[in-house]
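Please examine the following protein model with attention to its cores, its helix packing and its local backbone features. The briefing below is arranged by topic.

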Amino acid sequence: MPFLSRRGRSSRLAPELDDADLGKLLKRLVSTARSSTAGTADLCVAQIARLLREEPDDFDRRAHRLSVLAGFLHESYLPATWAKREPRNADALVLCSWADLEQGRSEGGLADAAAVWKRCLLAGELAPQDPTPWVVMLNVARLEGYARADVFAVWNEIVARDRWHREAYLSMLAYLSPREAGSLPQLLEFVDSVRTHMPANAPCAAVELTAHVMQYHSAVARGGAMGLLAGNHWRGPQAAELLDRARVTWPQPSFFSHAAAVADLNLLAYALTAAGRRRESAPVFEAIDGKVTDWPWRNDGDPVAVFESARGKAG
């Protein structure tokens with residue numbers, strides 16, 4: 001994956017990351033996605049369908065594109081219109097389900113979780129090798145508080161299809177955290193089990209660093225002495241060793257090839273900044289090339305402003 005550097009480039013929130021085709025589609029949808037004309041809706045659906053047909057076996061990139069489109073369109077009628085028009089099109093079913101999931105997240109629950117679940121099951125039947133319908137189901141199960149056995153059953157379906165699926169691993173990490181249905185020991189046990197077997201450049205390579213950022217944020221949120229000392233987390237041997245390794249390997253142009261690599265670089269830049277290792281973060285900021293992710297920067301304020309401040313201090 002080519003990470004190009006242009007000093008002085010202005011930063012912006014870039015949900016598409018470095019997916020140029022997805023970025024172009026989002027720009028085209030900005031002015032047309034909420035139009036009520038049938039012709040405009042047909043054009044938008046055709047453009048979305050065309051993009052999702054590209055590289056059908058690249059499940060990592062499909063998940064990235066579907067998640068971004070679902071976040072962009074969750075208040076639009078387009079996903080539901082497409083699914084109604086093509087009820088046996090797996091792409092249409094998954095996008096509609098993921099858009100419903102995003103809407104449910106914003107409202108604290110799904111209006112009809114059973115319907116979303118049924119739609120995903122049908123998508124899974126239509127595209128049996130694709131883990132994406134199951135990824136949506138995993139997140140539905142988390143949002144709706146389904147039984148632990150159901151969550152792990154869906155998880156097993158995903159990893160049977162894509163061993164190192166990024167979205168699935170990050171979703172399970174959140175599920176096993178103290179903020180959801182788990183605890184810190186369960187979270188750490190999950191990270192240890194992943195770290196033992198995972199290739200260093202796997203799509204889910206950021207799981208361990210994500211767990212460290214979650215722990216750091218938890219300490220900051222406690223406030224008081226705990227909040228003031230939160231930065232000490234990065235001096236622990238595991239966290240420090242991880243940053244030492246990631247800062248050298250992750251920014252290399254040929255190291256990562258997964259769709260959300262820029263998001264992982266944002267996470268690394270944030271962690272190095274939080275650890276006070278600003279100078280070491282400079283090559284990471286260069287590799288990011290101004291493409292800012294909402295998380296984890298938003299935890300400290302406006303994401304673009306926080307990112308720009310940190311990049312400026314990196315030198």
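The largest nonpolar core of this predicted model has 63 residues, of which Ile-48, Leu-69, Trp-98, Tyr-169 and Phe-190 touch the most other members. A nonpolar core is a set of buried Ala, Val, Leu, Ile, Met, Phe, Trp, Tyr and Cys residues joined through side-chain atoms within 4.5 Å. Buried stands for under 20% relative accessible area, exposed for over 50% and partly exposed for values in between (1.4 Å probe, protein chains only). The model is predicted, and local features need pLDDT of at least 70, side-chain atom pairs count only at pLDDT 80 or more, and totals for chains, interfaces and linings use all residues. Residues are numbered from 1 along each chain as its sequence is written, and side-chain values use heavy atoms, with hydrogens and water left out.

- Not counting residues up to four places away in sequence, Trp-98 touches Ala-63, Leu-66, Ser-67, Ala-70, Thr-132, Val-135, Val-136 and Glu-167, where contact means heavy atoms within 4.5 Å.
- In soluble globular proteins, nonpolar side chains tend to be buried together.

**Helix packing: α7 with α9**

- Helix α7 (residues 132-144) packs against helix α9 (residues 166-175) at an angle of about 10°, and their axes are 10 Å apart. Axes are lines fitted to C-alpha atoms, for helices over the stretch in contact, and angles run from 0 to 180 degrees between N-to-C directions.
- α7 and α9 are therefore roughly parallel; angles under 35 degrees count as roughly parallel, over 145 as roughly antiparallel, 65 to 115 as roughly perpendicular and the rest as oblique.
- The crossing of α7 and α9 is left-handed, a term for a near helix turned anticlockwise from the far one by less than a right angle, with clockwise giving right-handed.
- On the α7 side the contact is made by Val-135, Leu-138, Asn-139 and Arg-142, and on the α9 side by Glu-167, Ala-168, Ser-171, Met-172, Ala-174 and Tyr-175.
- The residues of this contact comprise six nonpolar, two polar and two charged; Ala, Val, Leu, Ile, Met, Phe, Trp, Tyr, Cys and Pro count as nonpolar, Asp, Glu, Lys and Arg as charged, and the others, Gly among them, as polar.

**Helix packing: α5 with α6**

- The axes of α5 and helix α6 (residues 113-126) cross at roughly 150° and come within 9 Å, and the two helices are therefore roughly antiparallel.
- The crossing of α5 past α6 is left-handed.
- Ala-90, Leu-93, Val-94, Cys-96, Ser-97 and Asp-100 of α5 meet Val-116, Arg-119, Cys-120, Leu-122, Ala-123 and Leu-126 of α6.
- Nine nonpolar, one polar and two charged residues form the contact of α5 with α6.

**Helix packing: α1 with α3**

- Helix α1 (residues 20-30) and α3 pack at an angle of about 15°, with axes 11 Å apart, which makes α1 roughly parallel to α3.
- α1 passes α3 in a right-handed crossing.
- The contact involves Asp-21, Leu-22, Leu-25, Leu-26, Leu-29 and Val-30 of α1 together with His-64, Arg-65, Val-68, Leu-69 and Phe-72 of α3.
- By class, the contact of α1 with α3 has eight nonpolar, one polar and two charged residues.

**Charged residues in helices**

- Arg-65 is placed in helix α3 (residues 59-73) and counts as buried at 4% relative accessibility.
- Leaving aside neighbours within four places in sequence, Arg-65 is in contact with Asp-19, Asp-21, Leu-22, Leu-51, Leu-52 and Glu-54.
- Asp-192 is placed in helix α10 (residues 184-197) and is partly exposed, with a relative accessible area of 35%.
- A separation of 8.3 Å lies between the C-alpha atoms of Asp-192 and Glu-208, which are 16 residues apart along the chain.

**Backbone features in loops**

- The peptide bond from Trp-295 to Pro-296 is cis, with omega near 10°, and Pro-296 is in the loop between β2 (291-292) and α16 (303-314).
- Glu-55, although not a glycine, has a positive phi of about 45°; Glu-55 lies in the loop between α2 (38-53) and α3 and is partly exposed at 44% relative accessibility.
- Asp-289, also not a glycine, has a positive phi of about 60°; Asp-289 lies in the loop between α15 (278-288) and β2 and is buried at 5% relative accessibility.

Conventions. Helices (H or I, at least four residues) and strands (E, at least two) are DSSP runs, numbered from the N terminus.
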